[in-house]
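Hello,

Here is the structure I said I would pass on. My notes on what was found in it follow below.

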Amino acid sequence: MNKRLLINTWLCDGCGLCELVCAFSHTGLWHPALSRIKVLEDKKNGLFFPTTCAHCVNPPCANACLMNVIVKDPETGLTIRNESSCIGCRACEISCPFNVCLFDYVNEVVVNCDLCKGDPLCVKVCPTGAIEFVSVEETPERKRVAAASDRLLESAQR
Amino acid sequence: MRIVIIGNGAAGNQAAETIRKHDDQIELIMLSHETFPEYSACALPDCMAGWIPRSNLFLKNERDYDKQRIQTILGRQVSSINIDNKELSMEDESIAYDKLILATGSRPIIPSLKGSALKGNFVLKSVADLDKILEHRGSRVVVVGSGNIGVEVAEALEIQGCQVVLIELMERLMPKIFSHKAAAILRDTLEKHQIKVLTGEKVLEVIGSQRVEGIITDRRELPCDTVIWAVGVKQNVELAVQAGIDTGQMGGIKVNRHMQTNCEDIYACGDCIESFDIISGKPALSLLWPSAKRQAEVAALNCLGRESAYEGSLNVGIEEFYDTNFVAIGLTADALKEYEVQLIEKEDSRGYYCLAVVDDRVIGLELVGDCDRLGAIMSLIKNGTAISEVKRIISNPELLVNIPWYVDAGEILFS
């Protein structure tokens, strides 16, 4: 069964643990700049939004790649890279609308979330349950429910 | 059904792969005058600089074509297309097609000046060109033209230990890509690394008896043993024109949004066509790898009867020169002279950047420095999203929660 990360942004308190373990497990360095999951911060409202590769069906990063190293895995549907052929030109990075292709300054290649080969560490360490690992069938449904409850809450408050 | 593709570059191969992805029955034939399997032309300067081995240029090998059941006929020229019989003629045989995709590409221009045919004059467009330059082993090089290729080649050869002079006809480097400030920073960067930069200067003649010994410009004479011409490309449209296929005002094959030419069952994509700019809607020659791949995808899908339309070409240039990133997305203010363009220039810890804004929409971005997290801005340019809309979303957490990456865009737009 194919699974994806589901992010419940309202639960994120911005602790940054996900970024640290992601960076460490992929590069051996505890530096959030090397993380494939990014916690964006809305400083004005004190809100945090973890974002990571959406594994798009038709990924703009794959179109941009000058070396054709980005492909869709036919089995898992993940957007995967042959990092050894990457020349680090960063064309994919600037063409990702979500800003989640990241330049790995240690290996000088661009990377994206690889779901830790099916066992994502960020999910394990997240103390608030903001990141879950659920089946692809479940993700859209859960997102719809979340969006609907937001709307309901909004109209009740009005 | 048999689909024939002329061209083995980014567009030709993308077209073949797209067709195979959707249909494993169709007979696919790919023809090319080049003998190499698909390679990345964009990475040629990287190979020249010694950053990647030559073998890494290749994106496919012969077996990959077999695996995808693409029949290749390489190293052969197509001499004509017979539209009425739906047939291609080559030297000694002819090949029938049901649908034809032209991905004939472009070729670099060498101006016909005195001496420009002497030994020691080169261009860089193909692996064969690269091999010739490396074999020549020049040490005093003049690079003429400062587009992407020109500047990349200048850097690569300087790194290889050559003395390099870069000559540009216009008043600044990369004039079609960057405006004055970014071009000035680029010039400083190159000059710091001992590349001599001459702008506003015209090459008049190449001198030498047997081989290149120097060049004469309108201002001086320069001794050199190698001249690399990077003054632009010309669309390979001769085959199409001879068959009666229309070309556009800029010299590329004319296609509609479905990549169809005026002749039935003939499609075209890649460098050889004239498409349109995604922002201005004006006719444009887009010579970029991603544009070629997208056009090829559209052509292939329409060939298969699956409707698909091209969105338009977006100019994207991303270059790293001596560890500094230079990025240009969209149009420069020069390209939209008839509009009132507002320029927002900033310099901060990220570096220098300049946004060109027309009517509440970002139409172009130039940046020298940190190119992290630019994607959100690029998608605003591509989609024509209003700046006021970005402001509305980032000021409302309930909206922002669904598009949080606007935080990144906001940082560049409003900080």
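Over all chains the count comes to 29 salt bridges, a salt bridge being a side-chain nitrogen of Lys or Arg within 4 Å of a carboxyl oxygen of Asp or Glu. This is a predicted model, in which local features need pLDDT of at least 70 and side-chain atom pairs count only at pLDDT 80 or more, while totals for chains, interfaces and linings use all residues. Residues are numbered from 1 along each chain as its sequence is written, chains are lettered from A and ligands numbered from 1 in the order in which they are written, and side-chain values use heavy atoms, with hydrogens and water left out.

One of the salt bridges joins the side chains of A:Glu141 and A:Arg144, at 2.9 Å from N to O. These two residues are three apart in helix H5 of chain A, so about one helical turn separates A:Glu141 from A:Arg144. Helices here are DSSP runs of H or I with at least four residues, and strands are runs of E with at least two, numbered from the N terminus.

Next, the interface. In chain A, 33 residues are in contact with 37 residues of chain B (heavy atoms within 4.5 Å). The two chains bury about 2800 Å² between them, 58% of it on carbon and sulfur atoms; buried area is the accessible area (1.4 Å probe) lost on putting two parts together, summed over both. One salt bridge is found across the interface of chain A and chain B: the side chains of A:Arg90 and B:Asp372 meet at 2.6 Å, N to O. On the side of chain A that touches chain B, H3(A) gives the most, with four residues. By class, that side has 16 nonpolar, nine polar and eight charged residues (nonpolar: Ala, Val, Leu, Ile, Met, Phe, Trp, Tyr, Cys and Pro; charged: Asp, Glu, Lys and Arg; polar: the others, Gly among them).

Last, the second largest pocket. Its lining has 43 residues, and A:Leu6, A:Ile7, A:Lys143, B:Val401 and B:Asn402 lie nearest its centre. A pocket is an open set of points on a 1 Å grid over the protein atoms alone, where a 1.4 Å probe fits, with protein on both sides within 12 Å along at least five of seven lines; lining residues have an atom within 4 Å of a point. H5(A) supplies the largest share of this lining, 11 residues.

Regards
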